[in-house]
Amino acid sequence: MTLWLVLAVGLLTAGLIALGILLKRQQAAIQALQASADSLSSAQSTQEAIASERDRIYRDLHDDIGGRLLTLAHGSNDPETAAIARDVLQDLRAVVSRTQAAEGSLLEILAQIRDEMEQRLDTMGVALIWQQTADIPDPDLPEADALHLYRIAREAITNGVRHAEASRIRVRVSAAADLLLIDFTDDGEGMPPGRVGAGRGTASMRQRAEELHGDIDWNPGTEGGTKVVLRVPIPPSEGGAGSGIPA
């Protein structure tokens, strides 16, 4: 065997060994990728199963507890108990509905808030006057921001009806620069200055306004009761820029 043949065989053998090592590494990489894909698929399936089970539990709660709350709301001779039952029922319905549509645009969220307020106040015999300007932008809202707006609006209505015994509530929605302005004005008894921010409900409203990087104030209402004024930055639309409330 000549020297060149020996060298050729040696090179071929080394090449085959290197190729074998490369193939093993590629096979190991493919197996790792497959394992990652299987793990991701399993995790996705688990998340889907959890979401499905959560929705089922919410529906069962709505059908069972919701039915009992509805019976209590319409059957109780105590107006305070009936009002509490209606509030809890509205909260339950809001939880169930937001499992299916947790996010939306600003105008969609405002429309949902208005619809909920109309239904709630109608059962209490309270008139809702909703005034909304046509120049409000319509960016998408994160779920947390939408929830804060819902809770602030609901608490404002609760304070106006349950505590101030209002018969009429006016809601005005407008936009100024990059701010969303919402004021809730009732014709009830009004809130004593010393009680503003002292209760759990108003303190929660302040905290939620801060979470939205905005602020909230309570003033004497032009209709004899209390005016709640909420100012929050409007999130920038896609491709746009926004600014917050100046310090």
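Author: The protein contains five helices and seven strands, where helices (H or I, at least four residues) and strands (E, at least two) are DSSP runs numbered from the N terminus. Read from the N terminus, the order of elements is α-α-β-α-β-β-α-β-β-α-β-β. The model is predicted, so that local features need pLDDT of at least 70 and side-chain atom pairs count only at pLDDT 80 or more, while totals for chains, interfaces and linings use all residues. Residues are numbered from 1 along each chain as its sequence is written, and side-chain values use heavy atoms, with hydrogens and water left out.

Of the 247 residues in the protein, 30% are buried; buried means under 20% relative accessible area, exposed over 50%, and partly exposed in between, with a 1.4 Å probe and protein chains only. The accessible surface is about 14,900 Å², and carbon and sulfur atoms hold 56% of that area; such areas come from the Shrake-Rupley method with a 1.4 Å probe, and for residues only the protein chains shown count as cover. Among contacts (heavy atoms within 4.5 Å) with a separation of 6 or more, 66% join residues 24 or more positions apart.

The structure holds four salt bridges, a salt bridge being a side-chain nitrogen of Lys or Arg within 4 Å of a carboxyl oxygen of Asp or Glu. One of them joins the side chains of E118 and R114, at 3.3 Å from N to O. Both residues belong to helix α3 (residues 106-124), where they stand four residues apart, about one turn of the helix. E118 counts as partly exposed because its relative accessibility is 36%, and R114 is likewise partly exposed because its relative accessible area is 34%.

Another salt bridge brings together the side chains of R154 and E116, with an N to O distance of 2.6 Å. This pair links distant parts of the chain, since R154 lies in helix α4 and E116 in helix α3, 38 residues apart. Both R154 and E116 are buried.

A further salt bridge connects the side chains of R172 and D183, at 3.1 Å from N to O. Here too the pair links distant parts of the chain: R172 is in strand β4 and D183 in strand β5 (residues 179-186), eleven residues apart. R172 is partly exposed because its relative accessible area is 30%, whereas D183 counts as buried because its relative accessibility is 11%.

The core remains to be described. The largest nonpolar core has 36 residues, of which M117 and V171 touch the most other members; a nonpolar core is a set of buried Ala, Val, Leu, Ile, Met, Phe, Trp, Tyr and Cys residues joined through side-chain atoms within 4.5 Å. Two or more residues of this core come from each of α3, β2 (127-132), α4, β4, β5, α5 (200-211), β6 (215-220) and β7 (226-233). The greatest share is that of α4, with eight residues. Neighbours within four places in sequence aside, V171 is in contact with M117, L128, I129, W130, Q131, I182, D183 and F184. That list includes D183, the salt-bridge partner of R172.
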